[in-house]
Amino acid sequence: MAEVTVRQFAEVVGIPAERLLEQLQEAGVKVTDTEAVISDAEKMELLSFLRGKQSAVDDASGSNESKKITLNRKSTSELKLTGAGGRAKSVTVEVRKKRTYIKRSVIVEEETKRIDDEREERERVEAEQRVREEQAKLALEQEAKRKADEEARLAAEEAKRKEDEAARKKVEEPARKPATDTADARKGKKGKKDVRETSDERQTRYGREELHVSADKSGKRRKGGRPTSRAVHSTGEHGFTMPTAPIVREVAIPETITVGELAQKMSVKAAEVIKVMIKMGSMVTINQVIDQDTASIVVEEMGHKPKIVKESALEDSLVSSQHDGDAITRPPVVTIMGHVDHGKTSLLDYIRRSKVAAGESGGITQHIGAYHVETDGGVITFLDTPGHEAFTAMRARGAKVTDIVILVVAADDGVMPQTKEAVQHAKAAGVPLIVAINKMDKQSADPDRVKNELGQLDVIPEEWGGDTIFVPVSAHTGDGVDKLLESILIQSEVLELTAVASGPANGIIIESRLDKGRGPVATVLIQQGTLRKGDIMLAGHEYGRVRAMVNEHGHQIDAAGPSMPVEVLGLSGVPRAGDEANVVPDERKAREVALFRQGKFRDVKLARQQASKLENMFSQMEEGAVNTLNIVLKADVQGSAGAISDALEKLSTPEVRVKIVAGGVGGITESDVNLAVASNAIMIGFNIRADASAKRLIEEEGIDLHYYSIIYDLIDEVKGAMSGMLAPEFKEQIIGLAEVRDVFRSPKIGAIAGCMVVDGTVKRNSPIRVLRDNVVIYEGELESLRRFKDDVNEVKSGTECGIGVKNYNDVKPGDQIEVYERVQVARHL
């Protein structure tokens, strides 16, 4: 097989003939087709070419795959096993083996490389160690040299000091000797002793002079052995002198401060402050919060000067924004007031051409509605306040922010309690009144009666020489409404109402609530400036960026000027109705002021609670136990919640007290129910409902939950619940009267009264009184009641009987036996 064709060689090698032909041509063997003949030398030339090519590929890729080989071996065998039934079965077992062989030259190269790396690392570490040792040796030499220089300098200074001291003694000795001789001549031996004491007064008991160290030097040696200071000679005895007068400090007192902080400011122990306050009659602890006035008195009592600190400096600078610009005429803010059901909302409905009263429960306005109304003569802002007696605070708030008050009085009903209250609010706020005599379309309307009754309240009509405009109107037919609007615009012109429209806005929170979809919603009446979408607003304890503004029609607006009521979204929480709303430039400062207000409110509230705890304890000790009706109150808006809370607390009596455990706005949540469970309270929801999880928990715990939409029903129900908690009252009711005809004596029973029942019924187990000449001489109970020889339970009128009185034998003929029973009578508030 010395010479073969390319095709035959390809069949032996196992590759395609065309591929072998290409490789031969690449190796430089001159062949043209697969039938060409190649020799052994040409085969070796091809093998050398392929080996060189493979080595080049391995070097380029850097892989060691060609330097190792992996062998896979698989063997199969059969095992015969005997089963449970004696039958034989075959099991095929397959064994797979894998072994990898690495070229020995590769292992040697890796080991040699590892040894070289370790030797280089060891040499590097040794070199670094030698460098460190040289540096340490150099540092020790420098330190020794520095110590030697320092010791030489100190020795020189000490020698110089001794020379100076010796020279000073030589100078002082001649002057001291004549003085000693003169003293000896004057005082004898005693004088010698004094001179010796004088000369030795600056010496210690061992004859060495006392060394005094400067107050700001410690004299301790540092780590290197160098002293930080030298001994300084001083002529004084010691460094501290006792103060000759008490130190009077100026103590800065914030609005609230704890006893411990006050003691720290005066640099005294807290026990001293507590002792002084106990002498003043206040039982306090070290962590108790006291108010500013109390702290000032304590500071003065302890001999210091109090300095009242106003913590609201940042708040004042942030809120007090000056409105620079031209003042323009603004629309008047008109508040409608009057008694319940006198037609306030209906009159406003006619003006607005809408039906708001249908949305209020029972036709009663539950919270303030603010409306922007455009009339032919101009724009007017109306505030509709509730007339029920529970909403006094909301009416007062409405009068405070208003320019003109319209007092609605029903012509057929006259002046009522809330009418008088509205007049008082208007006069207290200094707001002009316009009286609208409503319901003039009724047959029983009597406007003269209304004028007479209001005249008694010092509200005099213009036609009687007064200054109050009276307008007869009818909200049903619309008669007189145009004249009323004209009177409002005339009155606003007289008042010359102006405001600056430019600059940051400020106003008043008219109402606020927690909306489930939109979050905290506040109704703001703008008083100065312009409120724009995106402004940062600070309202009481809350702050936030105005995300949206909605007018009374539900339309979103971008800006609101003076006297415009808008609903604002984006505050951090629900502000209180009546809080001031201000636009501030910086959100960080707004957050600081809001947190400061919250902390101040919490501290003041805590201080009041602490002050009232002791008084409550003593009052409860005197009065005894008082039944308490705990209530968790949730309402739709903040104003309603506050008004209902005040009205319920006014129902408290000395025997039954109403306690509002928690109040708020928004729906009833699971945490509210847990609070009611913990405090054993009933839950009241006003125009709100509980969510699904809260309903499930209410059913599980059996909480007493009541929903209301009219405040009359709420107050009546709470009154009923309080009446049930009153202690029962017992009343005596006479049920029978028997007259004693004769008395029989029995050795076993005693005196038996033979009686005739003249009135009612005598019962066996009822208490009795024995009367003689209509005077009670004994009070007790029956021991026996017999008719003939039989024991009976009762004897009716006109029947004779025998009565035995228990533990009483002095019954005489002519006496009367009165039988009565105690009846429980339900009490009402």
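Me: What percentage of the contacts in the protein chain with a separation of 6 or more comes from residues 24 or more positions apart?
Reply: This is a predicted model, where local features need pLDDT of at least 70 and side-chain atom pairs count only at pLDDT 80 or more, while totals for chains, interfaces and linings use all residues. Residues are numbered from 1 along each chain as its sequence is written, and side-chain values use heavy atoms, with hydrogens and water left out. A contact means heavy atoms within 4.5 Å. Among the contacts with a separation of 6 or more, the share from residues 24 or more positions apart is 68%.

Me: How many helices and strands are there in the protein chain?
Reply: Both are DSSP runs numbered from the N terminus: helices are H or I with at least four residues, and strands are E with at least two. Counted that way, the protein chain has 19 helices and 37 strands.

Me: At what angle do the axes of helix 1 and helix 2 cross?
Reply: Axes are lines fitted to C-alpha atoms, for helices over the stretch in contact, and angles run from 0 to 180 degrees between N-to-C directions. Helix 1 (residues 6–13) and helix 2 (residues 17–26) have axes that come within 9 Å. The two helices are therefore roughly perpendicular (65 to 115 degrees). Their axes cross at roughly 110°.

Me: Which residues of helix 2 make the contact with helix 1?
Reply: From helix 1, the partners are Val 6, Arg 7, Phe 9 and Ala 10. Those of helix 2 are Ala 17, Leu 20, Leu 21 and Leu 24.

Me: Which residues are exposed on the face of helix 1 turned away from its buried side?
Reply: Buried means under 20% relative accessible area, exposed over 50%, and partly exposed in between (1.4 Å probe, protein chains only). In helix 1, Val 6, Phe 9 and Ala 10 are buried. They lie on the same side of helix 1 because they cover an arc of only 105° around the axis, an arc being that of the directions from the helix axis to the C-beta atoms. The face turned away carries the exposed Glu 11 and Val 12.

Me: Which residues are exposed on the other side of helix 7?
Reply: Helix 7 (residues 270–279) has the buried residues Ala 270, Val 273, Ile 274, Val 276 and Met 277. They sit on the same side of helix 7 because their arc around the axis is only 160°. Their cover includes helix 6 (259–266), strand 7 (289–291) and helix 8 (292–301). On the other side, the exposed residues are Ala 271 and Lys 279.

Definitions and conventions. Angles under 35 degrees count as roughly parallel, over 145 as roughly antiparallel, 65 to 115 as roughly perpendicular and the rest as oblique.
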